[in-house]
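Colleague: I would like to go through this model term by term. Please set each value against its definition.

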Amino acid sequence: MASSSLRSRDSGSWTPKQNKLFEKALARYDKDTPDRWHNVAKAVGGKTAEEVKRHYEILIEDLNHIESGRIPIPNYRSTGGT
């Protein structure tokens, strides 16, 4: 899912459907795939190779912030049903 920093810094908005297609395309086209960003953009639809590459870079930045502890993990309350 797109974080708030992803939405505020990325060029253009991403729909939930595009984000899901983006996730699936990343799983399909790994870093060793020739023309990776072109393939990911084609799978997402409506985005350029540069836009999907930037989306990925921002995602990695967000993950690094989370893993380094700069973004706290939410304290979810249990509803008792699960």
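Modeller: Let me start with axes. Axes are lines fitted to C-alpha atoms, for helices over the stretch in contact, and angles run from 0 to 180 degrees between N-to-C directions. Contact means heavy atoms within 4.5 Å. The model is predicted: local features need pLDDT of at least 70, side-chain atom pairs count only at pLDDT 80 or more, and totals for chains, interfaces and linings use all residues. Residues are numbered from 1 along each chain as its sequence is written, and side-chain values use heavy atoms, with hydrogens and water left out.

Colleague: What makes a stretch a helix here, and how many helices does the chain have?

Modeller: Helices are DSSP runs (H or I, at least four residues), and strands are runs of E with at least two; both are numbered from the N terminus. The chain has 4 helices and 0 strands. Its pattern along the sequence is α-α-α-α.

Colleague: Why are H3 and H4 called roughly perpendicular?

Modeller: Their axes cross at roughly 100 degrees and come within 8 Å. Under 35 degrees counts as roughly parallel, over 145 as roughly antiparallel, 65 to 115 as roughly perpendicular, and the rest as oblique. H3 and H4 are therefore roughly perpendicular to each other.

Colleague: Which residues meet where H3 and H4 touch?

Modeller: From H3 come Arg36, Trp37, His38, Val40, Ala41 and Val44; from H4 come Ala49, Val52, Lys53 and Tyr56. By class, this contact has 7 nonpolar, 1 polar and 2 charged residues. Nonpolar covers Ala, Val, Leu, Ile, Met, Phe, Trp, Tyr, Cys and Pro; charged covers Asp, Glu, Lys and Arg; the others, Gly among them, are polar.

Colleague: Which residues of H3 are buried?

Modeller: Buried means under 20% relative accessible area, exposed over 50%, and partly exposed in between (1.4 Å probe, protein chains only). In H3, residues 36-44, the buried ones are Arg36, Trp37, Asn39, Val40, Ala41 and Val44. They pack against H2 (16-28) and H4 (49-67). Of the chain's 82 residues, 29% count as buried.

Colleague: What makes a group of residues a nonpolar core, and which make up the largest one?

Modeller: A core is a set of buried Ala, Val, Leu, Ile, Met, Phe, Trp, Tyr and Cys residues joined through side-chain atoms within 4.5 Å. The largest has 10 residues: Trp14, Phe22, Ala25, Leu26, Tyr29, Trp37, Val40, Ala41, Val44 and Val52. H2 and H3 are the elements giving two or more residues. H3 gives the largest share, 4 residues.
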